[in-house]
Amino acid sequence: MQANAPIGVIDSGVGGLTVAKEIMRLLPNEKLVYIGDNARCPYGPRPQAEVRKYTWQMARALMDKNIKLLVIACNTATAAALDSLQKQLAIPVIGVIFPGARAAMKVSATNKVAVLGTSGTVKSGAYEKALMSLKSSCSVTQLACPKFVPLVESDEYEGEFARQLVRETLLQLDGKSFDTAILGCTHYPLLQGFIEAELGPGVTVLSSAAETAKDVENHLRYRNMLAGPASGPVHQFYTSGSSTIFRTIIKKWLGIENPAVYTIKFPQT
């Protein structure tokens, strides 16, 4: 495997672009190949076995593109498929759950943490397990926010409707005690401003994106696989859904004026 081979990033849709953005910022010489399975998004309500199958389909598609490292930039997919991918692929595979838990433990003063996630991530208990492995005395409050992902996928995450939906969802946390909230879905950072406004200044809201990017850098540096200086790597983005919405969000979120966007097909069952 060559150092100039691309990094693969997979997600159920556009949420993983929040992770891709941090990787691009931290490692500007690296080329990314991204797959968003927008046609079958959201993954959160799906059975874990189905999520695992879909994640493997995306991983195989990227392996065909000779990636040197795979990032599962989806919390639901990380919970369902990280172990099997790490065991069976010959390249490093990084998920987003443990980096998110580690980031929370770095900043929490009370060891009381809230996790906002999809139904699948919350049901898996993956964040609670990761947090408890880092600090056994940690107190974890979890909240499934199933309406957040469709909101982001439809490119409606900036207006008053989004603000109101966030407010109504987070009302369920009233009376709960925590000083740190993990955005346990990579779609949720696009709603971070609204979430921070609702939770208030006493709560630190963080995502796993920056911490995951650090893990990517550490893995590549350890293996002497960091790409050398390049004249602006051309990233590739694949979607199984609407390329129009996908391209619009890439342009807004990543600031790429003319992104290379392609359509990829997966079985719908």
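Tutor: A helix axis here is a line fitted to C-alpha atoms over the stretch in contact, and the angle between two axes runs from 0 to 180 degrees between N-to-C directions. The model discussed below is predicted.

Student: At what angle do α1 and α11 pack?
Tutor: The axes of these two helices, α1 and α11, lie 10 Å apart. Angles under 35 degrees count as roughly parallel, and 65 to 115 as roughly perpendicular. The pair α1 and α11 is therefore oblique. The packing angle is about 40°.

Student: Which residues of α11 does α1 meet?
Tutor: α1 passes α11 in a right-handed crossing. On the α1 side the contact is made by Leu 17, Thr 18, Lys 21 and Met 24. Their partners in α11 are Ile 249, Ile 250, Trp 253 and Leu 254.

Student: How do the residues of that contact of α1 with α11 divide into nonpolar, polar and charged?
Tutor: Lys counts as charged, while Leu, Ile, Met and Trp count as nonpolar. The contact of α1 with α11 divides into six nonpolar, one polar and one charged.

Student: How many of the 10 residues of helix α1 are buried?
Tutor: A residue counts as buried under 20% relative accessible area. In α1 this applies to Leu 17, Thr 18, Val 19, Ala 20, Glu 22, Ile 23 and Met 24. Helix α1, residues 17–26, is thus largely enclosed by the rest of the structure, the buried count being seven.

Student: Which elements do the buried residues of α1 pack against?
Tutor: Helices and strands both take part. The helices are α10 (209–222) and α11 (243–254). The strands are β1 (7–11), β2 (32–36), β3 (69–72) and β9 (236–239).

Student: How far apart are the axes of helix α4 and helix α6?
Tutor: Helix α4 covers residues 97–107 and helix α6 residues 126–134. They pack at an angle of about 50°, so α4 and α6 are oblique to each other. Their axes are apart by 9 Å.

Student: Is the crossing in which α4 passes α6 left-handed or right-handed?
Tutor: Residues of α4 in this contact include Phe 98, Ala 101 and Met 105, and those of α6 include Tyr 127, Leu 131 and Leu 134. The residues of the contact divide into 10 nonpolar, two polar and one charged. As for the crossing of α4 and α6, it is right-handed.

Student: How many disulfides does the count come to?
Tutor: A disulfide needs two cysteine sulfur atoms within 2.5 Å. The sulfur of Cys 138 is too far for a bond, because the closest cysteine sulfur, in Cys 145, is 18 Å away. The sulfur of Cys 145 is itself 9.0 Å from the closest one, in Cys 185, again too far for a bond. The count of disulfides is zero.

Student: Which residue does a cis peptide bond join to Cys 41?
Tutor: Most peptide bonds are trans. Here omega is about 5° at the bond in question.

Student: Is Asn 224 buried or exposed?
Tutor: Asn 224 lies in the loop between α10 and β9. Phi of Asn 224 is near 55°, a positive value in a residue other than glycine. Its relative accessible area is 68%, and a residue counts as exposed over 50%. Asn 224 is therefore exposed.

Technical notes:
Residues are numbered from 1 along each chain as its sequence is written. This is a predicted model: local features need pLDDT of at least 70, side-chain atom pairs count only at pLDDT 80 or more; totals for chains, interfaces and linings use all residues. Side-chain values use heavy atoms; hydrogens and water are left out. Helices (H or I, at least four residues) and strands (E, at least two) are DSSP runs, numbered from the N terminus. Angles under 35 degrees count as roughly parallel, over 145 as roughly antiparallel, 65 to 115 as roughly perpendicular and the rest as oblique. A crossing is left-handed if the near helix is turned anticlockwise from the far one by less than a right angle, and right-handed if clockwise. Contact means heavy atoms within 4.5 Å. Buried means under 20% relative accessible area, exposed over 50%, partly exposed in between (1.4 Å probe, protein chains only).
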